[in-house]
Amino acid sequence: MSSSSTPPYYDVVETSSGAYSFKLENGYVYEVGVYLEQGSNYAEPEVTEVDLTSASSASGVALALGSNDSTIAGTVKLNGSAVSDTVFVYAWSSKGQDVYAESNSSGVYSLSVPSGAVWNIGADFQSVADDGTTTNYATDNLVAVDLTSGTQNVTDTTLSVTAQTYTLP
């Protein structure tokens, strides 16, 4: 936060017991969620909105961990062929949850996610040539997978990546 007129935007509290407490500035609406490390056996709960615009505190905000009851799997492709490198694959849901994984060296990936949301999936990686130059690759368009109807195992979800070019001012 740079000044009292700038709304706070991010804070982290680590817990192993499940209890948590934040000291936040009054006058703002906050989104509170849980971030889990890659490979967790649990699913992140929906992000919960906490309104401190007219209150000085909020208690009893429950964030219950869920289960990953669905799978989204597929291949990352570059120019129509499977990527021959390890790729970072990420997904975020319409409920504020996120997951990520690495593909294998053939671009094959699998994400364990909770059902009940639309998941937006993308991928990126960086290749390094023999001379040390790097090329960044990313999905130009996220792939949406609708899991709102319940538990599903979605296979053959292809993510297409392209070389990225950046022009810095």
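Predicted model: local features only at pLDDT ≥ 70, side-chain atom pairs only at ≥ 80, totals over all residues.
I'll start with the nonpolar cores. The largest one has 22 residues. Those that touch the most other members are Ile72, Val76, Val89, Tyr109, Leu111, Trp119 and Ile121. Six strands each supply at least two residues of this core: β3 (70-78), β5 (88-93), β6, β7 (108-113), β8 (118-128) and β11 (153-163). The most comes from β8, which gives four residues.

Tyr30 takes us to strand β1, residues 29-32. In a regular strand, side chains alternate between the two faces of the sheet. In β1, Tyr30 and Val32 make up the covered face, while Val29 and Glu31 are on the uncovered one. Strand β1 runs antiparallel to β2, residues 48-51, and four bridges join the two.

Setting aside residues up to four places away in sequence, valine 89 touches Val76, Val99, Tyr100, Ala101, Tyr109, Leu111, Ile121, Gly122, Ala123 and Leu159.

Alanine 101, from that list, sits in strand β6, residues 98-102. Is alanine 101 buried or exposed? Its relative accessibility is 11%, and the cut-off for buried is under 20%, so alanine 101 counts as buried. Apart from neighbours within four places in sequence, alanine 101 is in contact with Gln38, Val87, Phe88, Val89, Ser110 and Leu111. Glycine 18, for reference, is 83 residues from alanine 101 in sequence, and their C-alpha atoms are 25 Å apart.

Last, the aromatics. How many aromatic pairs does a search of the whole structure find? It finds four. A pair of rings is described by the distance of the centres and the angle of the planes. For phenylalanine 125 and tyrosine 137, those values are 4.7 Å and 10 degrees, and the pair is stacked. Phenylalanine 125 is in strand β8 and tyrosine 137 is in strand β9, residues 134-139, so this pair ties together parts 12 residues apart in sequence. Both phenylalanine 125 and tyrosine 137 are buried.

There is also one aromatic cluster formed by Phe88, Tyr90 and Tyr100. Two of its residues have come up already: Phe88 is in contact with alanine 101, and Tyr100 touches valine 89.

Note on methods: Residues numbered from 1 in each chain as written. Heavy atoms only, no water. Buried < 20%, exposed > 50% of the residue type's maximum accessible area, 1.4 Å probe, protein only. Contact = heavy atoms within 4.5 Å. Pairing = 2+ DSSP bridges. Core = buried A, V, L, I, M, F, W, Y, C linked by side-chain atoms within 4.5 Å. Phe/Tyr/Trp six-rings, centres within 6.5 Å; stacked < 30°, edge-to-face > 60°.
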